[in-house]
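The following paragraphs lead through a single model, from its surface to its overall dimensions. Please keep the sequence and the coordinates in view while reading.

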Amino acid sequence: ALGSCSAAEVGRTIMAELNELFEQILHSERNFQERTSRLRELSSKIQQCQLELQQAKEASHTLQGEQVVKRLKLAGLEVDAKLLAIRRRIAQEQKDKVAGNKKQVIGELVCPLY
């Protein structure tokens, strides 16, 4: 087919094919750069998410530790409250006993048993 074409026509055909090939190369290069850019953005976002996840885990561990401390303090306060209630009950029993002894002593002073 090329034998029946003039040199100028062959040259134009080759140039047209080279231009088309060059355009395809440029298009492929742009696509490659766009994909590379997107991959970099995604990689950066992934790193940011990983950092945020790590910070959230650390915050969670800190809050869990604080919760344990607060539970222990609460348990200590509950024990203190129970001990205080026991002491009050004992003090009331002792007060009642002393009051009973006082009445008995007063009664004996007023009405001796001899």
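A surface patch is built here from residues with over 30% relative accessible area and no salt bridge, nonpolar side chains being joined within 5 Å. In this predicted model, I14, M15, L18, L21 and I25 make such a nonpolar patch, of about 470 Å². One of these residues, L21, is found in helix α1, which covers residues 7–110. L21 counts as partly exposed because its relative accessibility is 45%.

Helix α1 also carries charged pairs. The structure holds two salt bridges. In one of them, E34 pairs with R38, with the closest N and O atoms 3.9 Å apart. These two residues are four positions apart in helix α1 and are therefore separated by about one helical turn. E34 is partly exposed at 43% relative accessibility, and R38 is partly exposed at 47%. A salt bridge also joins the side chains of R89 and E93, at 3.9 Å from N to O. R89 and E93 are likewise four residues apart in helix α1, about one turn. Their relative accessibilities are 49% for R89 and 48% for E93, and each residue counts as partly exposed.

At the level of the whole chain, the secondary structure comes to one helix and zero strands. The C-alpha trace spans about 160 × 15 × 15 Å along its principal axes. The radius of gyration is 48 Å, whereas a compact globule of 114 residues would have one near 13 Å. Of the 114 residues, 1% count as buried. The accessible surface comes to about 10700 Å², with 61% belonging to carbon and sulfur atoms. Finally, the mean positions of the 18 positive and 15 negative charges lie 19 Å apart.

Methods
Residues are numbered from 1 along each chain as its sequence is written. This is a predicted model: local features need pLDDT of at least 70, side-chain atom pairs count only at pLDDT 80 or more; totals for chains, interfaces and linings use all residues. Side-chain values use heavy atoms; hydrogens and water are left out. Patches are made of residues with over 30% relative accessible area and no salt bridge: like charges are joined within 9 Å, nonpolar side chains (Val, Leu, Ile, Met, Phe, Trp, Tyr) within 5 Å. Accessible areas come from the Shrake-Rupley method with a 1.4 Å probe; for residues, only the protein chains shown count as cover. A salt bridge is a side-chain nitrogen of Lys or Arg within 4 Å of a carboxyl oxygen of Asp or Glu. Buried means under 20% relative accessible area, exposed over 50%, partly exposed in between (1.4 Å probe, protein chains only). The radius of gyration is taken over C-alpha atoms; the globule rule is 2.2 Å times the number of residues to the power 0.38. Lys and Arg count as positive and Asp and Glu as negative; His and the chain ends are not counted. The place of a charge is taken as NZ of Lys, CZ of Arg, CG of Asp or CD of Glu.
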